[in-house]
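Visitor: Could you walk me through the aromatic side chains in this one?
Guide: Gladly; here it is.
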Amino acid sequence: MSNTFDIKRFGKYFLWDLKQQKSNYGLNMLIVGCLPIIMYVICLFIGLISFQGHVVPPVGLRHALFWGGLLGITMFFSAKTYGRITDKRYGSSWLMLPASRLEKFLSMILIAAVVVPIAYMLLFALSDGLLSLVVPDYGQALMTFNINDVLFQGTDDHIEFTLRGFPLVWLAAAQNIMVFLLGALCFKKGKVGMIILISVGLSMLSSTIMSVVAMNLDVETFLSSFIGRFQSFMEYPTLWANLLISASSFFWIIASGVGIWFRLKTIKH
């Protein structure tokens with residue numbers, strides 16, 4: 001049996017890991033995934049006590065609930081689940097589990113970056129879709145919306161994100177959750193807060209660097225080069241928009257994955 005990777009051993013560990021994270025975060029996931037139903041009940045109650053009759057959540061609020069729930073999941077999942085590895089007692093037990101570092105790493109990435117975002121989106125879509133089927137005046141289910149129509153409504157933009165934009169939603173969620181997973185493994189306390197502070201700091205640093213570069217840049221040369229690239233972009237806006245956004249997300253996913261791998265190599269209790 002390989003000490004690095006064995007498919008049967010990995011399968012057993014992955015199923016065990018999945019059950020563990022379901023136990024750790026399953027209730028939270030269920031609550032956030034059922035936010036459409038919770039909000040409908042709240043609106044119904046408000047309508048009854050205010051004598052407004054049958055009140056349903058407006059579509060804008062439903063969109064906000066989806067994005068807010070997705071942001072919350074990607075920020076707090078890692079700290080509540082894999083963040084416990086930094087704890088001496090749990091971390092020691094985790095290190096002793098009969099699986100290689102590669103198998104533990106792959107299981108962690110698959111659950112955090114693939115299973116969790118997709119599970120949330122499916123739960124939210126099902127609860128919202130159920131309401132759209134059984135509740136009068138609830139409106140169109142969010143799963144039937146084209147994200148391109150929502151983003152570019154009332155504009156002349158001709159960018160069309162592939163598959164109605166849903167793959168990019170998953171990429172954004174995977175990127176976010178990977179960054180917070182790295183933070184959960186690196187910091188023992190204030191895991192979410194530390195990552196937010198570092199993100200703000202990096203954003204301020206990059207803005208400062210860009211300002212310094214702009215002040216020392218040959219504006220005429222830059223503009224001529226930029227205009228040439230912009231013209232190329234305008235010929236194929238959909239292609240370039242999808243490529244650039246996907247490349248940016250994959251860069252952060254891979255960079256975070258590399259950081260997580262090396263962090264796992266240094267964890268000792």
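Guide: What follows is a short talk about aromatic rings and their surroundings in a predicted model.

Visitor: How many aromatic pairs does a search of the whole structure find?
Guide: The search of the whole structure gives 12 aromatic pairs.

Visitor: Is phenylalanine 10 buried or exposed?
Guide: Phenylalanine 10 counts as buried, because its relative accessibility is 11% and the cut-off for buried is under 20%. Phenylalanine 5, with a relative accessible area of 31%, is partly exposed.

Visitor: Which residues do ring pairs link into a cluster?
Guide: That cluster is made up of Phe66, Trp67, Tyr120 and Phe124, which are linked by ring pairs.

Visitor: Switching to charges, what sits over the ring of tyrosine 90?
Guide: The charged end of arginine 84 does, at 4.0 Å from the centre of that ring. Elsewhere, lysine 104 lies over the face of tryptophan 94, and the distance to the ring centre is 4.7 Å.

Visitor: One more: where is phenylalanine 14, and what is it in contact with?
Guide: Phenylalanine 14 is in helix H1, which covers residues 7-33, and counts as buried at 18% relative accessibility. Setting aside neighbours within four places in sequence, phenylalanine 14 is in contact with Ser107, Leu110, Ile111 and Val115.

How values were computed. Residues are numbered from 1 along each chain as its sequence is written. This is a predicted model: local features need pLDDT of at least 70, side-chain atom pairs count only at pLDDT 80 or more; totals for chains, interfaces and linings use all residues. Side-chain values use heavy atoms; hydrogens and water are left out. Rings of Phe, Tyr and Trp (its six-membered ring) pair if their centres lie within 6.5 Å; planes under 30 degrees apart count as stacked, over 60 as edge-to-face and the rest as tilted. Buried means under 20% relative accessible area, exposed over 50%, partly exposed in between (1.4 Å probe, protein chains only). A charge sits over a ring if NZ of Lys or CZ of Arg is within 6 Å of the ring centre and within 35 degrees of the ring normal. Helices (H or I, at least four residues) and strands (E, at least two) are DSSP runs, numbered from the N terminus. Contact means heavy atoms within 4.5 Å.
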